[in-house]
Amino acid sequence: MAAKRNAAAPEIEIVREAAPAGTPPPESAPDDGKIVLARRVLPPRLPIVPLPVRPLFPRMTVPIVVDQEPLKRMIADIASSKPAVLGLVLARERSEAEQENPVRSADLYDVGVAAELAQAAQAGPGGPIQVLLSALERFRIRGIVREEPHIVAEVDYMIETEMADNMELKAYSLSVVKSIKELIQLNPLHKEELSLFMSRSSLADPGRLADFAAALTTAGGKELQEILETASIRARLRKVLFLLKKEIDVSRLQAKISRQIEEKLTRQQRDFFLREQLKAIKKELGLSKETKEAEIERFEARLKKLTLTPEAQERVNEEIEKLRLIEPVSPEFNVSRNYLDWLTILPWGVFTKDSYDVKRARRILDRDHFGLEDVKDRILEFLSVGILKGNIAGTILCFVGPPGVGKTSIGQSIARSIGRNFYRFSVGGIRDEAEIKGHRRTYIGALPGKFIQAMRVCKSANPVIMLDEIDKIGASYQGDPASALLEVLDPEQNRDFLDHYLDVRFDLSNVFFICTGNQIDTIPRPLLDRMETIKLAGYVQEEKLQIAKRYLIPKQLQAHGVNKGRITITARALREIIDGYAREPGVRGLENHVKKIVRKTVKRIVEGAADGARIDAADVAELLGKRLFTDEALYKRPRPGVVTGLAWTSLGGEALYVEATGVNTGKPGFKQTGQLGNVMVESSEIAYTYVRSLLDGDPRTRHYFRRNFVHLHVPAGATPKDGPSAGITMASALYSLATGKAVRKGLAMTGELTLTGRVMPVGGIKEKTIAARRAKLRRLVLPEENRKDFEELPAHIRRGLRVDYVRAFPEVVETCFGRAGADAS
């Protein structure tokens, strides 16, 4: 192969085995007598090392790190062989999942460079190998010899010829050098690389110049690989010029951004020095004090108004002395200052004066809430005991009831009636005990717990603190907040409450705690034992009517900017809303419907359709749409196998309907549906067994049960149901089905049934009675042992209801079906 070629000669010659350009092949002796070193001969087969980011160009020396075991063994083998040559090929981009697997030959580009191993050093036993490689010539992969343990490929070398006498290439080279110089002016970091290149090369080697210029840019691996694969030196120079122009534009933009940042930093430094000079001048003139001294004086001024405990006083003194020794620029200064700020802002020994006036408390409760007389009496009894003791503390109240019955607002009324500050926060969903007891000061951004924060907000040591949604408190790997609350809500422990952030005991024994929840079952038992529970069952229709007139309608008229009297909602309309759209125990739904009516009426007034409005019952459907609740046909046309029961839920009481039917299959059977819980399934099986045994003496009913498959269903199948209180209801449905007799109209029942027919007491009598009134049921069947519970209900809830108390199921049969039904059994 000739060492020099004329301008018309090809720029690249493909050979199977070669030495670098300008070096005669070893098998032919050149005329000038030069001898080729054996280590410079390039073999036809090369072990391949994949490059992850950028390709390497010929005649460049770079260090790389090899950490894969197969490649490390390959490097060790090559280092001991002559010539120590390997192939470097860029790997194609792969997904994150594919990057976990070794690079295969299919992942490699076709063109790479052969490189001589100049130096290899391992960083400790088993560590990665640091390799110094000197790139020699391009090659194109002709075939893969093997994949394991590392890739070995057969290659064809792409040897460049000298083309110094080509004027077109010389022009291209001058343009490249000019662009590089322009780039160096914008980014001086490349100056040393250019000097090193110019000392070793010249414009007589345009191919090498193109490779150097490409390596100088920050282009991506794919663009650089395209340069590497370009065999034509002319085309390669053109592509390199394009890359250099892009790099120059990026460098100009980078320089512009750097200048803007430097100008901004210069202004900030100037402002800083001016402020420091101003502070020094003010200090000399006595116009201001240092930040540290001002902070300490502020803390000391606060302490004069407080009565700290000895422990707290000692800790404050220590922290103030510590603050005097710390420089304001120290990070510890802010930590100590924040800690002192919390210690001195808390109301140590600061109390509001309690109002010991039961009559005033009664007026406030009556003004803020309609009905709930039993709840008000319990609250006034509690306040009376506190007045007699001279201290309203030590007991924790827990209001339990469905949403919208006024639990939170009653707590606010209590605070107003005794003249204390009020603070409310929800513990529902809290899963970190640090929310209760604070974070330790070792953590960045640490804060005290909710109770210490409440003390700071209330600015008194005896506020009323309400813990909403205590039945929804959670637990996680971060701790159990319910257990942390035990210390807070225990009168024997909360006088020495220790917050993790304060690390000083604070007295919470003077705080009046009120908790709220929807149900007792999910409140942790140790927590419940520390509370006095007051149940709020809900409101009947007349109570809701008065609440809407006195509170909800005036509130919504004011909220919508409507003068009193411009919009009138009649009592008939309110009854229609309550009965058809808002049968829930609370008044939140009722308020939303009133809000909707006012909003739509205001729209009509603004549009000029009317100057005012009077909403009657006939207008409700037009404003609110179709009724959500209708009078069920079960009340109007009783039929065998259908019985109405009463159930308690976390949202209040509800009417529960039980249906039973039989299918003549020739053999007995029983199943139940309606998403019933385990307890309710057992109750249904007890009812089925007892009714069969009760009616076994009647040949007709005995034959019915032997020949029919009985199916018991509780409608609203999407709603989970459980509990034993539907026992007599399910038994009555089965009895009615077997005897073909329907229960009396307007009758509902509740009670647990035993296997021997005894009727056991149940809970939630108030909620169930209110549900019966809402459903217009006027006759109830209750267990005898629940007589006292019913008689304790307010008179307006009991009014108009007939109650039959039963001890055993035969009495239920007599009440539901008359004497004839009892005789049949």
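E154 counts as partly exposed, at 22% relative accessibility; here buried means under 20% relative accessible area, exposed over 50%, and partly exposed in between (1.4 Å probe, protein chains only). This residue forms a salt bridge with R45, the closest N and O atoms being 3.3 Å apart, where a salt bridge is a side-chain nitrogen of Lys or Arg within 4 Å of a carboxyl oxygen of Asp or Glu. E154 lies in strand β7 (residues 152-160) and R45 in strand β2 (residues 45-51), so the pair ties together parts that are 109 residues apart in sequence. R45 is likewise partly exposed, with a relative accessible area of 46%. Helices (H or I, at least four residues) and strands (E, at least two) are DSSP runs, numbered from the N terminus.

The model is a predicted one, in which local features need pLDDT of at least 70 and side-chain atom pairs count only at pLDDT 80 or more, while totals for chains, interfaces and linings use all residues. Residues are numbered from 1 along each chain as its sequence is written, and side-chain values use heavy atoms, with hydrogens and water left out.

Contact means heavy atoms within 4.5 Å; among contacts between residues at least 6 apart in sequence, 74% join residues at least 24 apart. The chain exposes about 41,700 Å², of which carbon and sulfur atoms supply 51%; accessible areas come from the Shrake-Rupley method with a 1.4 Å probe, and for residues only the protein chains shown count as cover.

The interior can be described through its nonpolar cores, each a set of buried Ala, Val, Leu, Ile, Met, Phe, Trp, Tyr and Cys residues joined through side-chain atoms within 4.5 Å. The largest has 66 residues, and L88, F139 and I180 are those with the most contacts inside it. A second, separate core of 53 residues includes I430, A454, I473 and F513.

Salt bridges number 44 in the structure. An α-helix has 3.6 residues a turn, so residues three or four places apart point the same way. Both partners are partly exposed, D249 at 47% relative accessibility and R252 at 42%.

Helix α7 (residues 233-285) also holds I261, a partly exposed residue with a relative accessible area of 46%. Together with L253, I257 and L265, I261 makes a nonpolar surface patch of about 360 Å². Patches are made of residues with over 30% relative accessible area and no salt bridge: like charges are joined within 9 Å, and nonpolar side chains (Val, Leu, Ile, Met, Phe, Trp, Tyr) within 5 Å.

Another bridge joins D503 and R315, whose closest N and O atoms are 4.0 Å apart. D503 lies in the loop between β11 (497-498) and β12 (505-506) and R315 in helix α9, so the pair ties together parts that are 188 residues apart in sequence. D503 is partly exposed, at 37% relative accessibility.

Helix α10 (residues 331-345) has 15 residues and reaches 22 Å from its first C-alpha to its last, close to the 21 Å expected at 1.5 Å a residue; the expected span is 1.5 Å times one less than the number of residues. Its buried residues include F333, Y339, L340 and W342, and what covers the buried residues of α10 includes α8 (291-303), α9 (310-325) and α15 (450-458).

Some buried residues can be followed one by one. T516, in strand β13 (residues 512-517), counts as buried at 1% relative accessibility. Beyond four places away in sequence, T516 touches residues including F399, K407, M466 and L467. V806, in strand β25 (residues 802-806), is buried with a relative accessible area of 1%. V806 and E785 are 21 residues apart in sequence and 8.6 Å apart in space, C-alpha to C-alpha. V762 is placed in the loop between β23 (759-760) and α26 (765-774) and counts as buried at 12% relative accessibility. The C-alpha atoms of V762 and A726, 36 residues apart along the chain, are separated by 9.6 Å.
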